[in-house]
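Have the model open as you read.

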Amino acid sequence: MANCVTLVQLSISCDHLIDKDISSKSDPLCVLLQDVGGGNWAELGRTERVRNCSNPEFSRTLQLEYHFETVQKLRFGIYDIDNKTPELGDDDFLGAAECSLGQIVSSQMLTLPLMLKPGKPAGKGTITVIKNNLNPTWKRFSVPFQHFCGGDPSTPIQVRCSDHDSDGSHDLIGIFHTSLTQLQAVPAEFECIHPEKQQKKKSYKNSGTICVKICQVETEYSFLDYVMGGCQINFTVGVDFTGSNGDPSSPDSLHYLSPTGVNEYLTALWSVGSVIQDYDSDKLFPAFGFGAQVPPDWQVSHEFPLNFNPNNPYCAGIQGIVDAYRQALPQVRLYGPTNFAPIINHVARFAAQAAYQGTASQYFVLLLLTDGAVTDVAATCEAVVHASKLPMSVIIVGVGGADFEAMEQLDADGGPLRTRSGEASARDIVQFVPYRKFQNAPREALAQTVLAEVPTQVVSYFKAQGWAPFKMPPSPAKGPVQTPQV
């Protein structure tokens with residue numbers, strides 16, 4: 001199967017650009033750059049130049065690949081072009097704006113102020129970015145057809161018919177050429193032709209015929225379709241405060257804050273949260289701790305809000321979660337055991353309410369940061385199996401060097417997770433990774449790994465429910481992929 005590459009088209013317009021030309025308005029052009037690390041930016045494309053205009057609407061769209069699991073930081077630079085050289089150093093700079101591709105994708109339209117430099121606006125200049133969705137370059141179908149480019153049902157396609165062998169050495173029976181239009185004209189018959197046999201034998205007619213009795217065309221929506229349709233990704237964090245982490249005042253503790261104010265818990269939180277936050281419009285995230293004795297009665301809690309406000313456990317942005325964590329750390333007593341089920345069930349209650357609405361408007365992602373094996377294995381399995389029927393995913397990051405074998409069981413890559421009674425999970429919703437596997441890797445590597453399965457999990461849930469995107473966004477680009485079911 002070819003990799004599925006999702007492309008995004010961006011339409012650009014500007015308002016109130018400053019005039020650099022003496023006798024006329026500026027001749028603006030927009031250049032799109034992407035942060036490639038180390039303070040370097042790579043150019044992805046340019047619009048055309050619009051002559052003598054302070055409010056240009058560029059007709060040439062800019063196109064780039066979309067990856068949910070990474071923060072794709074973009075810069076839009078506006079220049080007044082007064083010569084024919086491709087270099088921009090000799091052109092007047094009218095301002096720039098920066099954002100992530102996630103911010104663009106999760107909003108219907110994003111308007112940003114243009115800046116000449118940090119803290120210095122380019123007058124009243126603004127840039128507006130509108131996203132368009134392109135079909136994935138390749139898509140896996142129930143029947144291995146290439147998708148119909150441009151949505152043209154007459155596009156020729158080739159079908160290969162083979163004799164299946166368990167060792168993978170499938171023998172070609174024959175091929176035939178057709179189109180979606182021909183497939184839909186059921187019943188339809190096609191001769192399977194083996195090219196080599198056709199060349200060698202003059203009397204060769206065919207290697208059999210394929211009869212198509214039913215051909216249905218189904219719309220397959222992508223993760224991007226759902227996000228662009230208004231689906232909110234609700235992010236919740238759970239932090240392990242069990243005694244096995246060690247005394248937070250000791251440098252050996254996993255909760256010890258270094259002189260720079262960070263530890264493995266916070267690094268993992270920043271890595272994953274920086275990606276997820278772009279898909280939540282209000283940027284308010286509930287954050288909980290588990291496994292600690294909490295004031296005022298010092299009872300062990302497996303579901304206490306980090307801000308100690310049970311009526312409003314929401315934190316403003318990822319930084320708000322970090323601040324709440326730092327303030328909670330000296331106020332609790334690390335204890336135990338390591339129980340996941342209460343927080344999983346907490347988020348599942350909200351996911352159940354969203355599912356009851358019957359629309360693809362909300363999906364929930366729970367991030368659990370823990371230093372050891374789960375204690376309430378049976379209860380956690382029950383909670384995960386129940387959550388697998390809801391719009392919800394669970395990401396577990398193992399902090400420290402403990403044995404995380406039980407976590408691999410929850411990940412269920414070897415088969416569906418089951419409860420004690422034998423009930424199997426409806427789908428795989430848990431992704432586990434040990435943090436130290438990525439300790440020396442770039443920060444984004446952890447997020448890429450733990451979030452890689454989320455788009456597929458989102459699509460699989462909504463597809464199973466038969467729910468189309470909540471709001472189909474108006475777009476001049478091509479629609480969703482159509483899959484022939486033969």
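Start with helix α5 (residues 264–276) and helix α6 (residues 317–328), which pack at an angle of about 160° with their axes 10 Å apart. Axes here are lines fitted to C-alpha atoms, for helices over the stretch in contact, and angles run from 0 to 180 degrees between N-to-C directions. That angle makes α5 roughly antiparallel to α6, a label for angles over 145 degrees, where under 35 is roughly parallel, 65 to 115 roughly perpendicular and the rest oblique. Helices and strands are DSSP runs (H or I, at least four residues, for helices; E, at least two, for strands), numbered from the N terminus.

Which residues do the touching? From α5 come Y265, L266, L269, W270, G273 and S274, and they meet I318, Q319, I321, V322, Y325 and R326 of α6; contact means heavy atoms within 4.5 Å. The crossing of α5 past α6 is right-handed, that is, the near helix is turned clockwise from the far one by less than a right angle, with anticlockwise being left-handed.

Before going further, a word on what you're looking at. This is a predicted model, in which local features need pLDDT of at least 70 and side-chain atom pairs count only at pLDDT 80 or more, while totals for chains, interfaces and linings use all residues. Residues are numbered from 1 along each chain as its sequence is written, and side-chain values use heavy atoms, leaving out hydrogens and water.

Now move along to helix α7, residues 341–356. Its 16 residues reach 22 Å from first C-alpha to last, close to the 22 Å expected at 1.5 Å a residue (the expected span is 1.5 Å times one less than the number of residues). After α7 comes G358, with a positive phi near 75°.

A salt bridge is a side-chain nitrogen of Lys or Arg within 4 Å of a carboxyl oxygen of Asp or Glu. In one of them, K463 pairs with E220, the closest N and O atoms being 3.5 Å apart. This pair links distant parts of the chain, K463 in helix α11 (residues 454–465) and E220 in strand β13 (residues 216–220), 243 residues apart. K463 is exposed at 53%, whereas E220 is buried at 15%.

K73 and E98 form another, again with 3.5 Å between the closest N and O atoms. Here K73 sits in strand β5 (residues 73–80) and E98 in strand β6 (residues 92–100), 25 residues apart. Both ends are partly exposed, K73 at 36% and E98 at 38%. R46 and E43 meet in a salt bridge too, at 2.7 Å from N to O.

Finally, zoom out. The protein has eleven helices and 24 strands, and its C-alpha trace spans about 90 × 80 × 40 Å along the principal axes. Of its 486 residues, 49% are buried.

Key. Buried means under 20% relative accessible area, exposed over 50%, partly exposed in between (1.4 Å probe, protein chains only).
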